[in-house]
Amino acid sequence: MQSDLVIVRDYCDKCHIEPSFIDLLQEGGLITVEIEDGERCLLFSQLPDIERYSRMYYELSINMEGIDAIRHLLKRMDEMQKEIQRLRSRLRLFEGID
């Protein structure tokens, strides 16, 4: 098995979440599940997102549609922050021309 994969069953046991929650995330298109050696596996890079989603779902009682909306808004905010940084950099160039 590749080292960048985590078995779904093991992850769920360790983090005390239901495997059906992983199914919901996959069905909603929020994560991808790989099959390796007959085992359902998660990409290691997805684990921070899965942890964030599980906190929203279990601790804040946010449904899958809400999680998807929040994910979309956070992604959009990140893109906007990057655009602001680019614009500030360009503005600094023009401010120095005077």
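**Exercise 1. State which residues of helix 3 and helix 4 meet, and classify the packing of the two helices.**

Solution. Tyr53, Met56 and Tyr57 of helix 3 meet Met64, Ile67, Ile70 and Arg71 of helix 4; contact means heavy atoms within 4.5 Å. Helices (H or I, at least four residues) and strands (E, at least two) are DSSP runs, numbered from the N terminus. The model is predicted: local features need pLDDT of at least 70, side-chain atom pairs count only at pLDDT 80 or more, and totals for chains, interfaces and linings use all residues. Residues are numbered from 1 along each chain as its sequence is written, and side-chain values use heavy atoms, with hydrogens and water left out.

Next, take the geometry. The angle between helix 3 and helix 4 is about 135°, and their axes are 10 Å apart. Axes are lines fitted to C-alpha atoms, for helices over the stretch in contact, and angles run from 0 to 180 degrees between N-to-C directions. Angles under 35 degrees count as roughly parallel, over 145 as roughly antiparallel, 65 to 115 as roughly perpendicular and the rest as oblique. Helix 3 and helix 4 are therefore oblique to each other.

**Exercise 2. Describe the sheet and the helix that packs on it.**

Solution. Start with the strand order: the open sheet of 3 strands runs 1-3-2, with antiparallel pairing. Two strands pair if DSSP finds at least two bridges between them. Strand 1 (5–7) and strand 2 (33–36) are at the edges with a single partner strand each, so one side of each has no neighbour in the sheet. From one strand to the next, the twist averages 45°.

Then take one pair. Strand 1 and strand 3 (residues 39–43) pair in the antiparallel sense over 3 bridges, and Ile7 is opposite Cys41 in strand 3. Helix 1 packs on the sheet and touches strand 1, strand 2 and strand 3, its direction making about 70° with that of strand 1.

**Exercise 3. Identify the residues that touch the most other members of the largest nonpolar core, and list the contacts of Ile22.**

Solution. A nonpolar core is a set of buried Ala, Val, Leu, Ile, Met, Phe, Trp, Tyr and Cys residues joined through side-chain atoms within 4.5 Å. The largest one has 19 residues, of which Ile22, Leu25, Ile31, Leu42 and Ile50 touch the most other members. Helix 1 (8–15), helix 2 (19–27), helix 3 (47–59) and helix 4 (64–95) each give two or more residues to this core. Helix 3 supplies the largest share, 4 residues.

Not counting residues up to four places away in sequence, Ile22 touches Val8, Cys12, Ile17, Ile31, Val33, Arg40, Leu42 and Ile50.

How values were computed:
Buried < 20%, exposed > 50% of the residue type's maximum accessible area, 1.4 Å probe, protein only.
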